[in-house]
Amino acid sequence: MDTRTHERYVARAMWSIGRGDAKFWISVVVLSALVAAGFYAYIYQVQRGLWVTGLNQKVSWGFYIINCVFFIGISYGGAMTSAILRLTNAKWRAPLTRIAEATAVAALLVGAIYPIIDLGRPDRFLYTIQYAQVGSPIIWDLVAISTYMMASLVFLYLPLIPDLATTRDTMRPGLLRRIYGILALGWRGAVGQERSLQRGIAVMAVLIIPLAISVHSVLAWLFAVTARGGWHSTIFAPLFVLAAMLSGVAAVIIVVAVFRKVYGLQEFITAKHFRYLSYLLIALGMGYLYFMVSEYLTEGYLLDAATTPVLEAIFVGTYAPAFWGFTFLGLIFPLLLAAVPGRWAIGRVCAASGLVIAGMWLKRFLIVVPGMAEPVMPWDWGRYAPTWVEVTITIGTAAAIPLILILFFRFFPVMSVHEMEEVEGASEPRAAALVPSFASGGDE
């Protein structure tokens with residue numbers, strides 16, 4: 001990378017810091033309004049109880065558990081994408097890793113609050129700690145998610161340190177400079193600091209993978225150790241992990257495409273990046289398809305008394321439109337769309353990723369609801385239809401992810417400058433190109 005290209009890279013990476021144009025504020029206002037609507041719906045639920053939702057005695061898990069599994073899965077894909085690119089030393093990773101890591105943290109923050117929402121009253125969350133049972137998957141969910149949360153924050157923060165120092169050094173004396181200085185931990189780019197940083201990032205890249213696998217495996221075991229039709233499966237843990245990686249990579253593709261367009265990063269995030277990410281999407285999708293066929297083939301061949309009604313409901317009954325819609329429109333067609341060579345490669349990969357994300361949410365619905373609705377006693381099947389409360393909370397929390405990302409990248413570089421210099425060996429940028437707009441007193 002030549003000096004001019006490097007300067008343009010630094011300028012685009014820092015472009016969003018301190019800026020607040022009309023599009024930014026419109027986005028913040030709209031997303032904040034959706035988040036506020038979701039918060040209002042949650043307060044409404046807390047005041048009146050879970051009867052305002054579609055949950056009932058027969059189907060006590062619905063949108064909230066589906067969203068918990070879904071959003072934590074999105075987080076897993078973001079962390080895994082960054083970790084794999086770092087461990088394989090992919091030189092094209094520099095413009096992508098920061099967005100993938102920030103997406104992982106934002107999605108995890110959203111997914112982690114759903115178990116509390118599902119409890120109905122937030123004070124009941126303390127009971128899971130006060131009366132914790134070692135044999136309960138719920139307490140291990142709590143341990144796994146909180147550990148993964150801390151690891152994800154560290155994994156996001158470590159590569160940020162040199163960029164925080166760069167921002168600090170180009171700012172005028174003041175409160176913001178002191179804050180960036182504190183966050184930069186005295187980084188001066190010394191050889192010892194560089195060695196320690198690279199060692200720390202490498203350790204976290206290795207640790208984040210088993211941590212993420214443990215989180216989704218524990219979530220899967222929450223279902224698999226329950227004696228319900230369609231849940232009691234030994235393949236659930238790897239199936240959940242693959243589903244998380246698939247939906248997470250699809251989400252990273254969508255987020256990267258949006259920031260590329262809005263922040264003008266087309267010169268540095270090119271069709272090549274989307275092509276490489278599409279290879280990952282296709283490989284994970286093929287793996288998930290294989291695991292899904294394996295699961296249904298073995299269960300369908302055995303057809304025990306508990307599983308048969310669930311499989312009938314999914315394949316030819318009430319949930320058949322959702323299942324076949326997921327299979328063809330949310331899995332097979334997107335993989336073909338991403339795999340076919342030709343024009344509009346970025347658009348096709350983004351469309352495929354959007355279909356995969358919608359399909360994987362639907363698949364979580366097909367795991368949770370039919371398994372709960374099947375009667376374990378000689379009763380009728382349970383019924384579940386979400387109310388406006390659950391729908392509003394879902395929309396509000398989904399809007400919180402782009403809101404968190406927009407606000408995060410208003411204070412931190414959207415692409416890693418230090419990592420690009422590391423992989424490309426670029427020269428140090430000129431200080432003038434790094435000065436954030438708020439450092440010079442303007443809010444452009």
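Analyst: Cys 350 has a relative accessibility of 17%, so Cys 350 counts as buried, the limit being under 20%. The model is a predicted one. Cys 68 is also classed as buried, because its relative accessibility is 5%. The structure contains zero disulfides.

Helix H15 covers residues 345-373. Of its 29 residues, 21 are buried, and the helix is mostly covered. From first C-alpha to last, H15 reaches 41 Å, close to the 42 Å expected at 1.5 Å a residue.

Now the patch itself. Ile 26, Val 30, Leu 34, Val 391 and Ile 395 make up a nonpolar patch on the surface, and together they have about 400 Å² of accessible area. Two helices, H2 (22-48) and H16 (388-408), each supply at least two of the patch residues. The greatest share comes from H2, which gives three residues.

The spacing along a helix bears on this. An α-helix has 3.6 residues a turn, so residues three or four places apart point the same way. Among the patch residues are Ile 26, Val 30 and Leu 34, along with Val 391 and Ile 395.

Leu 34 lies in helix H2 and belongs to the nonpolar patch. Its relative accessible area is 33%, so Leu 34 is partly exposed, a class that runs between the 20% limit for buried and the 50% limit for exposed. Cys 350, in contrast, counts as buried at 17%.

How values were computed: Residues numbered from 1 in each chain as written. Predicted model: local features only at pLDDT ≥ 70, side-chain atom pairs only at ≥ 80, totals over all residues. Heavy atoms only, no water. Disulfide = S-S within 2.5 Å. Buried < 20%, exposed > 50% of the residue type's maximum accessible area, 1.4 Å probe, protein only. Patch = residues over 30% accessible without salt bridge, like charges linked within 9 Å, V, L, I, M, F, W, Y side chains within 5 Å. Areas by Shrake-Rupley, 256 points an atom, 1.4 Å probe, with all protein chains shown as cover. Salt bridge = Lys/Arg side-chain N within 4 Å of Asp/Glu carboxyl O. Helix = DSSP H or I, 4+ residues; strand = E, 2+ residues; numbered from the N terminus. Expected span 1.5 Å × (residues − 1).
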